Every structure is written in structure tokens, then in C-alpha cells.
Amino acid sequence: MNASTTSNTLLDERGLSKLRWRCRRGLLENDLFIEKFFARHASGLTVRQAEALGVLMDLSDNDLLDLLLGRKPPQGDLASGSVSHDDVLLVLGMLRAARQPI
């Protein structure tokens with residue numbers, strides 16, 4: 001299996017559990033975005049999207065909230081290792097959309 005195939009594989013239950021734990025935040029506002037994100041997308045998350053979400057979780061709580069609310073545009077290098085800037089922007093869009101009613 002090549003890297004592209006692996007990264008587009010759905011996240012397994014163990015990976016999803018670890019990702020949920022990794023996404024716990026100090027600001028309630030961030031947690032609300034993340035809870036809605038998981039409610040909407042958990043069953044279809046790919047390994048690649050999980051890695052991009054991990055890059056966003058490396059941000060400080062305030063920087064993450066600014067991105068989620070659209071107060072600031074994504075700045076700097078949001079890519080990390082095998083995670084592309086476009087993947088991070090895609091997941092950021094998914095997080096932002098999660099605040100909309102289902």
C-alpha cells in the first residue's frame with residue numbers, strides 16, 4: 001500500500017479514540033466546535049484528515065479559536081511533515097462548518 005492509499009484510509013476506532021483525546025482543549029468554545037465536528041464527521045474521517053486536525057491542535061487555544069471564528073486568516077506554515085497546507089485548510093473548513101445546524 002502506498003502513502004496516498006494509506007492516508008485516504010478511514011480512521012479506525014482506536015485512531016479515532018486517540019484523536020478525540022488529542023483534541024481536548026482548554027477553551028470551552030474550541031471544545032464546542034470540536035464536539036460538533038466529531039458528531040458530523042467522525043465516521044468518515046480519513047487518516048490524512050486526522051493528521052491535518054493534529055496540526056491544528058498544535059496551535060494555542062486562542063490562535064485556534066481565532067481561526068475557527070474567522071477572526072484571522074490562516075498564517076504561517078500550517079503544513080507539517082506529510083500534511084499539506086491544503087489538507088489543513090480543508091479540515092479547518094470542516095470545523096467551521098460544524099458550527100452550522102445539521
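Which residues have the most contacts inside the largest nonpolar core, and how many residues does that core have?

Analyst: This is a predicted model, in which local features need pLDDT of at least 70 and side-chain atom pairs count only at pLDDT 80 or more, while totals for chains, interfaces and linings use all residues. Residues are numbered from 1 along each chain as its sequence is written, and side-chain values use heavy atoms, with hydrogens and water left out.

The largest nonpolar core has 28 residues, and those with the most contacts inside it are Leu19, Phe37, Phe38, Leu53, Leu56, Val91 and Leu95. Such a core is a set of buried Ala, Val, Leu, Ile, Met, Phe, Trp, Tyr and Cys residues joined through side-chain atoms within 4.5 Å; buried means under 20% relative accessible area, with a 1.4 Å probe and protein chains only. Two or more residues come from each of H2 (13–22), H3, H4 (47–57), H5 and H6 (85–97); these helices are DSSP runs (H or I, at least four residues) numbered from the N terminus.

H4 gives the largest share, 6 residues. Of the 11 residues in H4, 8 are buried: Gln49, Ala50, Ala52, Leu53, Gly54, Val55, Leu56 and Met57. Their cover includes H2, H3, H5 and H6. Leu19 touches Leu11, Phe38, Leu45, Ala50 and Leu53, not counting residues up to four places away in sequence; contact here means heavy atoms within 4.5 Å.

In soluble globular proteins, nonpolar side chains tend to be buried together.

Definitions and conventions
Buried means under 20% relative accessible area, exposed over 50%, partly exposed in between (1.4 Å probe, protein chains only).
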